[in-house]
Amino acid sequence: MLKFPDNTQVSVKGLDDIMAELFAENRRPTYETADEIINELEERNNFIPESISARREYAVVLLREYRNYVKDRSDRNR
């Protein structure tokens, strides 16, 4: 479940799997990675609005989620 700054919540299919794959590839949390996550989500039939502003919002939220994912997994491995 993605939570946007306006408290809108969106359910997405496959996000955990995508983040696990990127983490296994040692991918850093960057906007490029967020764009890749968006593309992967679309390939898994998640609806992502086409407008540039909406995609930017998704990128920001996904980047935050992936940063948290990386931090959580990195903390577990210490």
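In what kind of crossing, left-handed or right-handed, does H1 pass H3?

A: Happy to take a look! This is a predicted model, where local features need pLDDT of at least 70, side-chain atom pairs count only at pLDDT 80 or more, and totals for chains, interfaces and linings use all residues. Residues are numbered from 1 along each chain as its sequence is written, and side-chain values use heavy atoms, with hydrogens and water left out.

The crossing of H1 past H3 is right-handed (the near helix is turned clockwise from the far one by less than a right angle). Helices here are DSSP runs of H or I with at least four residues, numbered from the N terminus. The axes of H1 (residues 15-24) and H3 (residues 52-76) come within 11 Å and cross at roughly 60°; axes are lines fitted to C-alpha atoms over the stretch in contact, and angles run from 0 to 180 degrees between N-to-C directions.

Contact means heavy atoms within 4.5 Å. On the H1 side, Leu15, Asp16, Met19, Ala20, Leu22 and Phe23 meet residues of H3 including Leu62, Tyr66 and Tyr69.

Leu15, Leu62 and Tyr66 are also among the residues with the most contacts inside the largest nonpolar core, which has 20 residues. Such a core is a set of buried Ala, Val, Leu, Ile, Met, Phe, Trp, Tyr and Cys residues joined through side-chain atoms within 4.5 Å, buried being under 20% relative accessible area with a 1.4 Å probe, protein chains only. H3 gives the most to this core, with eight residues.

Technical notes
Helix = DSSP H or I, 4+ residues; strand = E, 2+ residues; numbered from the N terminus. Buried < 20%, exposed > 50% of the residue type's maximum accessible area, 1.4 Å probe, protein only.
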